[in-house]
Amino acid sequence: MELKKLSDEQLKSAVKLKIDSWTEELAGVAENDLNVEEEYQFWLTWSQTAEEHHDVRLLYGMFDQETLTGAIFTSFAETYDHPNAIEINGLWVDNHYRNQHISTRLLYHVLKCYQPHQKDVVIVYNHRLSPSQGYYYHLGGKVIRSEYQMDGKLLVDVFLFDAKELFDYLKNKLENQ
């Protein structure tokens, strides 16, 4: 498997992966009404406007040959979450490729990319009913608050991780797999 920065065309595949994962993440609490083209345009614009927002926005994918198996989108977090943080804006792995350390490799890679920025914290918003909820607890995340989204239908937990501890944990996990 190969980890690489997403091209604009590959971004479209990542958006499709996000939308496919969204139904699972919603856990039947709300309906998946995401549109591929609208999501693609949003994330394309988002990635292209990083500099004007004084942000570092990364979009990476893991590939099995030409097949996208996982994707991660990251940026600096909003200061109301933490004044010196990275946010994982999205992390999705195709269900056929789960339990192969793809999330671990993607997370480790982006945290390594952010090291020159000396961020203290990693923030993740995650739907409470999502299968990935246990993963974030397993990684050592602490829920700092919960909030309702989607017109009060979906409870989202906001996880906080110590960036160095998470990086060291992921590195150790990859070295010992």
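The model is a predicted one, in which local features need pLDDT of at least 70 and side-chain atom pairs count only at pLDDT 80 or more, while totals for chains, interfaces and linings use all residues. Residues are numbered from 1 along each chain as its sequence is written, and side-chain values use heavy atoms, leaving out hydrogens and water.

Tyr114 belongs to helix H3, residues 102-114 (helices, H or I of at least four residues, and strands, E of at least two, are DSSP runs numbered from the N terminus). The 13 residues of H3 reach 19 Å from first to last C-alpha, close to the 18 Å expected at 1.5 Å a residue (that is, 1.5 Å times one less than the number of residues). Among the buried residues of H3 are Ile102, Leu106, Leu107, Val110 and Leu111.

The ring of Tyr114 meets that of Phe76, with centres 6.0 Å apart and planes at 50°, so the pair is tilted (ring centres of Phe, Tyr and Trp, the last by its six-membered ring, within 6.5 Å; planes under 30 degrees apart are stacked, over 60 edge-to-face, the rest tilted). Because Phe76 lies in strand E3 and Tyr114 in helix H3, the pair ties together parts 38 residues apart in sequence. Phe76 is buried too, at 18% relative accessible area, and Lys119 lies over its face, 4.0 Å from the ring centre (NZ of Lys or CZ of Arg within 6 Å of the centre and within 35 degrees of the ring normal).

Strand E3 takes us to the sheet. Seven strands form an open sheet in the order E1-E2-E3-E4-E5-E7-E6, with mixed pairing (at least two DSSP bridges between two strands). Strands E1 (2-5) and E6 (142-149) stand at the edges with a single partner strand each, so one side of each is left without a neighbour in the sheet. E2 (residues 58-64) and E3 (residues 67-76) pair in the antiparallel sense over seven bridges, and Met62 has Gly70 in E3 as its bridge partner.

The whole structure holds 11 aromatic pairs. Phe42 and Trp43 form an edge-to-face pair, 5.0 Å centre to centre with 85° between the planes. Phe42 is partly exposed at 46% relative accessibility, whereas Trp43 is buried at 7%.

Definitions and conventions
Buried means under 20% relative accessible area, exposed over 50%, partly exposed in between (1.4 Å probe, protein chains only).
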